[in-house]
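User: I'm new to this one and would like to learn how to read it. Could you walk me through it feature by feature?

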Amino acid sequence: MTTLADESATVEWGRELGATLGEGDVIALCGTLGAGKTHATKGIVAAIGSAADVTSPTFTVVHEYLDGRVPVFHFDFYRAETEADIVSVGWDEFFDEDGVMVVEWADRFPHLLPGTARWFWFDVLPEGGRTVEEGDAAE
């Protein structure tokens, strides 16, 4: 488990993870609202070389960042009510792309992610800061 003191530490954690990622990697980010999923994604996207201003794709379901060493497809399952909401944006086709997929709120539809996905669980600490831990897939 890693403790992240603030937003900048969360972005830096994402940068460290992003530096290790390549084509075909799928990252599942889980945690409550404000737990740090989008800040971690900012770091991942930056480490891959994109200069994009990363925001959560809560209403559009997916944002694409294509200006790095590999494309990053950033999904947010928060507002999706059914699996069909995700599939309708071309979910399956993104697996044919040579990029990295980052999925916030992946635990809402865990069966959509491949068995090779890496799952990270964020928690907000009562005294401030966050923790993140790589763990098992949601069931």
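Analyst: Happy to. Let's start with a strand: both faces of β5 are covered, with Val-100, Val-102 and Glu-104 buried on one side and Met-101 and Val-103 buried on the other. Before going on, note that this is a predicted model, where local features need pLDDT of at least 70, side-chain atom pairs count only at pLDDT 80 or more, and totals for chains, interfaces and linings use all residues. Residues are numbered from 1 along each chain as its sequence is written, and side-chain values use heavy atoms, with hydrogens and water left out.

User: What do "buried" and "strand" stand for here?

Analyst: Buried means under 20% relative accessible area, exposed means over 50%, and partly exposed is in between, using a 1.4 Å probe and protein chains only. Strands (E, at least two residues) and helices (H or I, at least four) are DSSP runs, numbered from the N terminus.

User: Why is strand β5 described as largely enclosed?

Analyst: In a regular strand the side chains alternate between the two faces of the sheet. Strand β5 covers residues 100–104, and five of its five residues are buried, so the rest of the structure largely encloses it.

User: Which strands pair with β5, and how do they run?

Analyst: Two strands count as paired if DSSP finds at least two bridges between them. Strand β2 (residues 26–30) runs parallel to β5, joined by four bridges, and Ala-28 stands opposite Val-103 in β5. Strand β4 (residues 72–76) also runs parallel to β5, with five bridges; there, Phe-73 has Met-101 as its bridge partner.

User: How do I read aromatic pairs, and how many are there?

Analyst: A pair of aromatic rings is described by the distance of the centres and the angle of the planes. Here rings of Phe, Tyr and Trp (its six-membered ring) pair if their centres lie within 6.5 Å; planes under 30 degrees apart are stacked, over 60 edge-to-face, and the rest tilted. That rule gives 10 aromatic pairs. One of them is Phe-75 with Trp-91, edge-to-face at 4.8 Å centre to centre and 80 degrees between the planes. Phe-75 sits in strand β4 and Trp-91 in helix α4 (residues 91–94), so this pair ties together parts that are 16 residues apart in sequence.

User: Are Phe-75 and Trp-91 buried or exposed?

Analyst: Both Phe-75 and Trp-91 are buried. Phe-75 also pairs edge-to-face with Phe-94, at 5.1 Å centre to centre and 90 degrees between the planes. Phe-94 is in helix α4 while Phe-75 is in strand β4, so that pair links parts 19 residues apart in sequence. As for accessibility, Phe-75 has a relative accessible area of 0% and Phe-94 has 9%, which makes Phe-94 buried. Zooming out, Phe-73, Phe-75, Phe-77, Trp-91, Phe-94, Phe-95 and Phe-109 form one aromatic cluster.

User: What about charges: which side chains meet in a salt bridge?

Analyst: Side chains of opposite charge can pair when their charged atoms come close. The cut-off is a side-chain nitrogen of Lys or Arg within 4 Å of a carboxyl oxygen of Asp or Glu. The structure holds one salt bridge, between Arg-118 and Glu-134 (2.9 Å, N to O). Arg-118 lies in strand β6 (residues 118–124) and Glu-134 in strand β7 (residues 130–135), so the pair ties together parts 16 residues apart in sequence. Arg-118 is partly exposed at 30% relative accessible area, and Glu-134 is partly exposed at 42%.

User: What lines the largest pocket?

Analyst: Rolling a probe the size of a water molecule over the atoms shows where empty space is left. On a 1 Å grid over the protein atoms alone, a pocket is an open set of points where a 1.4 Å probe fits, with protein on both sides within 12 Å along at least five of seven lines; lining residues have an atom within 4 Å of a point. The largest pocket is lined by 19 residues, and Gly-34, Ala-35, Gly-36, Lys-37 and Thr-38 lie nearest its centre. Helices α1 (7–18) and α2 (37–47) each supply at least two lining residues, and α2 gives the most, with three.
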